[in-house]
Amino acid sequence: MGKVEFKSGTMLYPLPVVMVSCGETINEYNIITVAWTGILSSEPPMCYISVRKSRYSHAIISKTGCFVINLTTERLAKVTDWCGVKSGRQYNKFIETGLTPVKAPHLNAPMIAESPLCLECKVVNVMELGSHDCFVANIVGVQADERYIDRKTGEFNLEKANLIAFSHGKYYNIGERLGFFGYSIEKKKKK
Ligand SMILES: Cc1cc2nc3c(=O)[nH]c(=O)nc-3n(C[C@H](O)[C@H](O)[C@H](O)COP(=O)(O)O)c2cc1C
């Protein structure tokens with residue numbers, strides 16, 4: 001199978017796509033769609049978002065030092081895209097999309113009520129990398145929608161939330177489960 005040298009670039013797929021909410025006051029509240037995000041450490045829980053200096057949200061997050069990562073779903077796909085093509089300089093994105101801001105318990109920032117899972121993030125470092133600045137943050141709180149928590153087992157069932165991913169410029173639903181962590185070495189049960 002031959003390979004062709006392709007122009008160098010950021011071709012790592014699929015990516016998460018999330019709505020990042022920020023702002024200290026209701027008038028400042030904003031949402032930016034971000035695909036360049038990920039987990040950096042589990043103990044302590046840490047993550048990053050990479051944001052261009054030109055984004056309205058960049059100045060807000062630099063000032064407040066915090067943001068919320070809101071996971072997004074099939075139902076929220078259109079508003080997720082909209083928040084990624086319009087700027088808070090021109091629009092109040094909560095009003096325009098109908099999304100509901102709820103103050104995050106541990107931060108001066110809003111969460112999005114309609115999101116199934118919200119990560120409250122406090123910035124600990126900003127790396128100026130070039131086109132984007134990488135905000136490295138501690139995850140100081142996780143707010144889960146109770147609709148997805150099994151009342152009997154207490155388990156959080158994210159499969160039911162219909163999360164979406166972003167790959168090569170397009171949005172996808174997650175699709176069918178192929179396995180689970182460690183399934184390749186799972187011992188077969190004796191009959
Ligand atoms: C799917 C998608 C992913 C995006 N990912 C990023 C990203 O990782 N970093 C970034 O700076 N902008 C990203 N953008 C662009 C911003 O969301 C967009 O410029 C937005 O309008 C900025 O909003 P603001 O000016 O209100 O902050 C993305 C847009 C879309 C649609």
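## Basis of the description

Residue numbers start from 1 in each chain and follow the sequence as it is written. Because the model is predicted, local features are reported only where pLDDT is at least 70 and side-chain atom pairs count only at pLDDT 80 or more, while totals for chains, interfaces and linings use all residues.

Helices (H or I, at least four residues) and strands (E, at least two) are DSSP runs, numbered from the N terminus. A residue is called buried if 20 or more other C-beta atoms lie within 10 Å of its own, exposed if 12 or fewer do, and partly exposed in between, with C-beta atoms placed from the backbone.

Strand 6 covers residues 66–71, and six of its six residues are buried. In a regular strand the side chains alternate between the two faces of the sheet. Both faces of strand 6 are covered, with Cys66, Val68 and Asn70 buried on one side and Phe67, Ile69 and Leu71 buried on the other. Strands are said to pair when DSSP finds at least two bridges between them. Strand 6 is joined to strand 2 (residues 18–22) by four bridges in an antiparallel arrangement, and in this pairing Ser21 has Val68 as its bridge partner. Strand 6 also pairs with strand 9 (residues 117–128), again in the antiparallel sense and over five bridges, where Asn70 is partnered by Cys118.

When residues up to four places away in sequence are left out, the contacts of Phe67 (C-beta atoms, placed from the backbone, within 7 Å) are Val20, Ser21, Cys22, Ile49, Ile61, Ala109 and Cys121.

## Helix 1

Ser57, Ile60 and Ile61 are buried in helix 1. Seen down the helix axis, the buried residues of helix 1 fall within an arc of 95 degrees, so they line one face of the helix; the arc is that of the directions from the helix axis to the C-beta atoms. The elements that cover these buried residues include strand 2, strand 3, strand 5, strand 6, strand 9 and strand 10. Gly65, which has a positive phi near 70 degrees, follows helix 1.

## The shell around the ligand

The ligand is surrounded by 21 residues, the closest being Trp36, Ser57, Gly84, Ser87 and Gly88; a residue is taken as near if its C-beta atom, placed from the backbone, lies within 6 Å of the molecule. Two or more residues of this shell come from each of strand 3 (30–34), strand 5 (45–52) and helix 1 (56–64), and strand 3 gives the most, with four residues.

By residue class, the shell divides into nine nonpolar, eight polar and four charged residues. Here Ala, Val, Leu, Ile, Met, Phe, Trp, Tyr, Cys and Pro count as nonpolar, Asp, Glu, Lys and Arg as charged, and the others, Gly among them, as polar.

## The sheet of strands 1, 11 and 12

Three strands form an open sheet in the order 1-11-12, with antiparallel pairing. Strand 1 (15–16) and strand 12 (170–173) are the edge strands, each pairing on one side only. Two bridges join strand 1 to strand 11 (residues 164–167), and Pro16 has Ala165 as its bridge partner in strand 11.

## Backbone exceptions

Most residues other than glycine have a negative phi, and most peptide bonds are trans. The bond between Tyr13 and Pro14 is cis, with omega about -10 degrees, and Pro14 is placed in the segment before strand 1. A cis bond also leads from Glu43 to Pro44, with omega near 0 degrees; Pro44 is in the loop between strand 4 (37–42) and strand 5.

Asn162, in the loop between strand 10 (132–144) and strand 11, has a positive phi of about 55 degrees although it is not a glycine. Asn162 counts as partly exposed because it has 15 C-beta neighbours inside 10 Å. His168 lies in the loop between strand 11 and strand 12 and has a positive phi near 50 degrees; with 9 other C-beta atoms within 10 Å, His168 is exposed.

Terms used:
Two residues are in contact if their C-beta atoms, placed from the backbone, lie within 7 Å.
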